[in-house]
Each structure stands twice: as structure tokens, then as C-alpha cells.
Amino acid sequence: MTSPAELAKDLKALNAFLETRSYLTGYAPTTDDAQCCAAIGAAPDQKQFVNAARWFKHMNAFSAEERKAWPKGAGKLEAKVSAAAAEEEEDDDDDLFAEMTPEEEEAHEEMLRQKVAAAMAGKEVKEKPKARSLIVLEVKPHEIETDLEAMALKIKTLEHAGIQNWGDEHKLIPVAFGIKKLAISVVVFDDDIDTEQIEDMILELVGEDEIQSVDVAAMSKV
């Protein structure tokens, strides 16, 4: 696109091509759109090339970073655009978009953005599930009289972003001289919490005056 006459010719062909299309290739922006947009340089005259002007405005609504993420286009745009131009009607006054109001333009731009978002959503990489572990803790009290059942219910009220859930069941295991220890399980997200944090949370909740120790009896991936 060098001389004004050549530019006008190319824009006329592009305008015809975009009459029934939102993008140069497919249903989402590609490198074809980015390259053509860069070649044009300035916004086409909206009254003379309404479709090309709409498309150019839409392309420039994307940031440079968003453009870099666009997939590769099909190329060979000149042949595609020229073929569409050959089918253009001679009377441009019949263009249905020529009298588009600012409100209609805004609504049309929003519709195009929604189509792009829907098209790109299917290409997003799904987030991998978080690594989880099942931990069995043993809580030893200081005194025989300690109510371990009440303690278990209290511990299960602990909440944290790293705790998925506490086990429904728990056990009271004999130790010696009538003292029992509480075995309780919890499923955690490995990256969000560690065993030391869990132990500290239990000691802070129940109190060190009632708990002698909190130990990890077993741990396995789930």
C-alpha cells in the first residue's frame, strides 16, 4: 500500500471481505489480522469503508501482549480479499452498516469481544489439580481425665485454606497407665499448609496445658 489510489483499492477489497466477517481468518483474531492492521497503519475512513473501519477499531482495542498470544493465521490474504471484493455490489449506498449509530457500534464491539473470549476460552490450559495428602495425627494428653472425644470435635472445627477436610472418624488408642491418645485424620493441600502449621493450630486451639504432644503417625498422597 503505497499510493493513495492503491490504498483506496486495497481498503475497498478489505471492506468487502469484512462485510460478512469479523476476522480475516476463522472466528477469532489471528496473526493475519495483526499483520494487516499494521500494514494499514491508520484507521480507514468510516463513512467510505465502514466494515474495515469497524474491524480496525476492534483490532486496536487489544493490547500488544494480547496480540502476541493470537494464533497463526492462514496467510495468502490478498487472494482471499480480492475474491471477496469481486463479489461486492456496485452500489455502496445499500450497506446496512453505513448508518450505524455510536450506541450500535458499542454494542457490536462488545458482541465481538464476547465472541473472542468464548473462542479463546477453549484454548486455555486447564489448571492442574492441587497435590493433596492424607495425614494421620496422634494427639497425646497430659492427664487421664482429658476428654478426648470433646477434643476431637474441637479440633475438627479448625479451618484453613490448606485444609480440605477432617476425617469423619477418629480413634482413641491406649498408651499406658490408663492414658489414651487421639488418632485423627485430615486431608490437606500440600502447597498451602504443612504439618508444623497444623500442629501449632491444634496446640493454640486446645491449649498446651491439655496436650502433651502432636505427632504425625502416617502420611500418604491422595
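This is a predicted model: local features need pLDDT of at least 70, side-chain atom pairs count only at pLDDT 80 or more; totals for chains, interfaces and linings use all residues.
Residues are numbered from 1 along each chain as its sequence is written, and side-chain values use heavy atoms, with hydrogens and water left out.

Let me start with the chain as a whole. Its secondary structure comes to 8 helices and 4 strands, where helices (H or I, at least four residues) and strands (E, at least two) are DSSP runs, numbered from the N terminus. Along the sequence these elements follow the pattern α-α-α-α-α-α-β-α-β-β-α-β. Of the 222 residues, 36% count as buried, and by buried I mean under 20% relative accessible area, with exposed over 50% and partly exposed in between (1.4 Å probe, protein chains only). The chain exposes about 14200 Å², of which carbon and sulfur atoms supply 52%; these accessible areas come from the Shrake-Rupley method with a 1.4 Å probe, and for residues only the protein chains shown count as cover. If we take the contacts with a separation of 6 or more, residues 24 or more positions apart account for 73% of them, contact meaning heavy atoms within 4.5 Å.

Now to the sheet. In what order do the strands of the open sheet stand? The order is β2-β3-β1-β4, and the pairing is antiparallel; two strands pair if DSSP finds at least two bridges between them. Because β2 (163-176) and β4 each have a single partner strand, they stand at the edges, and one side of each is left without a neighbour in the sheet. On average, and with direction ignored, neighbouring strands here are turned by 20° against each other, the axes being lines fitted to C-alpha atoms, for helices over the stretch in contact, and angles running from 0 to 180 degrees between N-to-C directions. Two helices pack on this sheet. Helix α7, residues 148-155, touches β1, β2, β3 and β4, and its direction makes about 15° with that of β3. Helix α8, residues 195-206, also touches β1, β2, β3 and β4, with its direction at about 145° to that of β4.

Looking at the pairings one by one, strand β1 (residues 132-141) is joined to β3 (residues 179-189) in the antiparallel sense over 8 bridges, and within that pairing Val 136 stands opposite Ser 185. On β4 (residues 211-221), which runs antiparallel to β1, there are 9 bridges to β1, and the bridge partner of Ile 135 there is Met 219.

Ser 185 counts as buried because its relative accessibility is 18%, and, leaving aside its neighbours within four places in sequence, Ser 185 is in contact with Leu 134, Ile 135, Val 136, Trp 166, Gly 167 and Glu 169. Phe 189, which also lies in β3, touches Lys 130, Ala 131, Arg 132, Ala 161, Gly 162 and Gln 164, again not counting residues up to four places away in sequence. Phe 189 and Leu 134 are 55 residues apart in sequence, while their C-alpha atoms are 9.2 Å apart in space.

Finally, the helix pair. How do α2 and α3 lie relative to each other? The axes of α2 and α3 (residues 50-59) come within 10 Å and cross at roughly 110°. The two helices are therefore roughly perpendicular to each other, since angles under 35 degrees count as roughly parallel, over 145 as roughly antiparallel, 65 to 115 as roughly perpendicular and the rest as oblique. The contact is made by Asp 33, Cys 36, Cys 37 and Ile 40 of α2 together with Trp 55, Phe 56 and Met 59 of α3. These residues divide into 6 nonpolar, no polar and 1 charged, where Ala, Val, Leu, Ile, Met, Phe, Trp, Tyr, Cys and Pro count as nonpolar, Asp, Glu, Lys and Arg as charged, and the others, Gly among them, as polar.

Helix α3 is mostly covered, with 9 of its 10 residues buried. One of its residues, Val 50, counts as buried because its relative accessibility is 8%. The C-alpha atoms of Val 50 and Asn 15, 35 residues apart along the chain, are separated by 7.1 Å.
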